[in-house]
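Dear colleague,

Please find below a structure that I am handing over to you.

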Amino acid sequence: QTRVLRVESKGIMGSSITLLFVVAVLAAGPDAGNLLPVARAAVLCETDVDCEDRVRPGSVCREIDQERQDANDDGSADAQRKKMTKHCTNPFASGCLRAILGEEKFPEKRVCNSEDPPDSGSCSSPPLSYTEIRISPANWESSVFLAWMMQILLSELVDVPVTIETGEGRPVQPLSFYDEHNAFSYPTKAANYDAIVKANSLPNGNCSLTSEPCAHVLPEVWQNLRQEDVDERQLERDYSGMVGNIGWFVPKFVADDDSSLTSHFGLVGEKNREKLASTFLTPMMWGEYCREVSLTNCTQSRGQEEDNVFGKEAATRPPTEEESAMYYHAQDYEGHFRFTEQNNCSLPGNENNCTGHFIDYPCKWYAYTESQIFWNEIAFDKSVPGKPDGYSSSDIHQILAASHATRSPAMFVYWYPTEIIAKYDLEPVALPKTTRECLQNRPLPGDHDRCDAELSALRGKQVGSCGYNAHELEKVLALTLKKNDISVTNEAERSPAYDMLRNIRISDFDMVEVLAEWDSRGIDRYGYDPREAVCSWVAANLFENQNLTEFIPPGFPRKIEDFSYNDNSGLLPGALVFAFLAVAVVLSTATITALYRKQKVLQYAQLHFLALFCVGYFLVAIGATILATAPATATCMAIQWLVVVGYTVGIVPLLVKIYAINHIMQQAKRMRRVQISQQRLLGQVTIAVFIIATFLSIWTALDPSKKTEEPILTSPEGTVEIQVSCSSDSPGWEAVAFAWEGIYMVCAAVLAFASRNIRQEFNESHKIGNMAYSHSLFLVLRLIVRYVLPYAGMHYRKVAATTSILLSADSITSLSLYFLPKFLAIRRKLKRGKAENSLQRSNLFQHRAYNGSSLTMTAIGASHATSGFSAGRGVDSLGDALGSARSSASRSQQEKGQVSFSLADLDVGSSKLDLVCNDKSENV
């Protein structure tokens, strides 16, 4: 049931603009989704210059998209013409304040919302991840305009994305202020409490999680809500700033002719029946008038025809099919009020039944007209033939226009604030005094269904038939907004939406100004005009007059600092240098080990285990190096792999070796033979690495550590720095990784203690113990840095730099504790060997030949000290071998002369030696 209306008006440049807009009646019922009240408009154009002249700069000439073409196609010739033409786009698509106050004051585009196309260039991404606010206005203009004001202030001043709910869920008919095509879709409900309940039921009130109607705010609520309804639905009420009133009105010219019509005293009782019946006639639709009243069927223009019994012709032409239901057309139908049998009190039997016609609300809107008429005995009839739901809002507007155009009396119920109150000179009608008792006995209070209600229910009790009372209009908020505001732990992430929505208050005087400006424009009534009226008022009152900036909560809008991962403390560069040093230490250790791999001290330590030790700590050092750089999605999880696997590969082999040696010694005490293979030991290391690699793989697959951005509030004035860090959604993964390190550190400490009595040649308990204690200390420090200092305000980059330093220091310390004693022992041995070799050549050896002779020193102990040594042919080789063997004997054995060697053990072959022995021992 749509009406097509063509209006000829003068554009800004004086050119004639054909405006096409469709005004739809209110939905017939809750199931009449195809009757969604929609008003579509378009300023037609050929070039962008046309739009700049007729609308404002920023509007461009575009073809409407196919989906909207199909939606607008009602089969009319005008709709078909519109499909083949272009129209001007919304000049405020990038921002209202930016368009009017200039890009110098508002350089940034408004923030995008979920209804903006992904590739839209008319908005910018929200700098902070505030929850999108959805506003559900009522199905009248002042509520829609108030919702738009909220959308502008939130989207452009504090960067909160906002969408508009029309009552149909998603996808919906567009009603956003920023809609590119200036769409205007009337919502389906006066107060959509179900949408508020839906928002309260969703996690964090996130309406994007559902396609059902969902909203956080009802900007203009007229019903007097009961507290039990507020509690049950989890609503929060607040004053909107407007004072609303509903009442009966008559045009001023009617009051001037008969002032008694402005009070119920001039309306009630049988004495006023005939007056009302003869004064207030029934308005006629255009098509009905041409069929039943016009003698020419509206084929003659006004002024050309002779007067007939019904007066002059009210129409200049017959209506189209779409126009036939209209009550007024500015150019072609001035309207007509018909004297019907219901108005004729002179008809037999109609003396006590004749009535005047009353223009009442649609049944979906709450009013008490039936009760007021019945109990006050006012001779009015409010029924509308062919319209069981009553007049629509558009019908009332047209009837009022026809009343003024034809000077025909009309009495109707309407509300304030509204544009017709500002447009027309109207007089209120005083009804019986409003009392508390009357308000408490209203029929069908609240949001009860009135369209299908029984007549007795609509009439209610006589005590509830008084007039209306002016009352503060409320806005209703979903309680989830308050809960979210309270539950915020990071102050930088706190949304200003809740506080700002409560602060926004627009008075009824201000709203009337906006409505009057909208009604007076006459360019594009249901498209550009309402947006221009709202935006112009907001811009004019932003800093002056009403000073709308006072609605902004303290500390907002947030000022986002340009992010730079490097800081001025020098901690990050220092951490990077220290990490490079750790890498160099690992590589140097591995090189020295390779060069002196034949030395006993390294042979006893098992070279393949030393190699794994170096590889592990090399991975840790690389992880420390990456940690000292800016986080990236690719490197965040790589750091975890390098550090966790590195520690596992570096430490677990030592634990396996120490456990094996300890096991051998314990079994030797029991005189038991033990066989341990190298493959078995390496297999145990492989199992440990496999376990942790499996855990890391699951972590990587399910919830990898990735680059995240978290806002940090750095000043009370609202300065926010975006902290870039690495984290997973669940902190449990990293906690398990720390626990894994703690487990093998405990094992290392236990094994070090258990192995303290093993023979010195194989005993590394002291070194392993020191490593365990050292690594445990660094592990505790890393836990403090990771879990304690961030809550004390330390920035992630400092946390990362400190952790990198601790990893590097741990690597260097562990390598030093384990390898440095071995390297020093090798150095001492080499240095002592050279000194003794020189001494033996000069003082101890003289060359003499003994054919086939051999020298044997009686063994007292420590003959094992020469195991593995071999001397080459000649005196120098023998001296080196003896020097080495001698140096490996204990000091007490040397002092007692209890040192024995066999030349056979030294593998001297058939060398002929002339040996002179100088020793403290008498038994040589």
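I begin with C747, which is partly exposed, its relative accessible area being 37%. Here buried means under 20% relative accessible area, exposed means over 50%, and partly exposed lies in between, with a 1.4 Å probe and protein chains only. C614, by contrast, counts as buried at 7% relative accessibility.

As to the basis of these values, this is a predicted model in which local features need pLDDT of at least 70 and side-chain atom pairs count only at pLDDT 80 or more, while totals for chains, interfaces and linings use all residues. Residues are numbered from 1 along each chain as its sequence is written, and side-chain values use heavy atoms, with hydrogens and water left out.

Disulfides

The structure contains 10 disulfides, a disulfide being a pair of cysteine sulfur atoms within 2.5 Å.

C112 and C123

The sulfur atoms of C112 and C123 are 1.9 Å apart, and the two residues form a disulfide. This link is right-handed, with 95° about the S-S bond.

C290 and C298

A disulfide also joins C290 to C298, with 2.0 Å between the sulfur atoms. The torsion about its S-S bond is -100°, and the link of C290 and C298 is left-handed. C290 has a relative accessible area of 6% and is therefore buried. For C298 the relative accessible area is 0%, so this cysteine is buried too.

C345 and C354

In the disulfide of C345 and C354, the sulfur atoms are 1.8 Å apart. Because the torsion about the S-S bond of C345 and C354 is about 90°, this disulfide is right-handed. C345 counts as buried at 14% relative accessibility, and C354 is buried with a relative accessible area of 0%.

Yours sincerely
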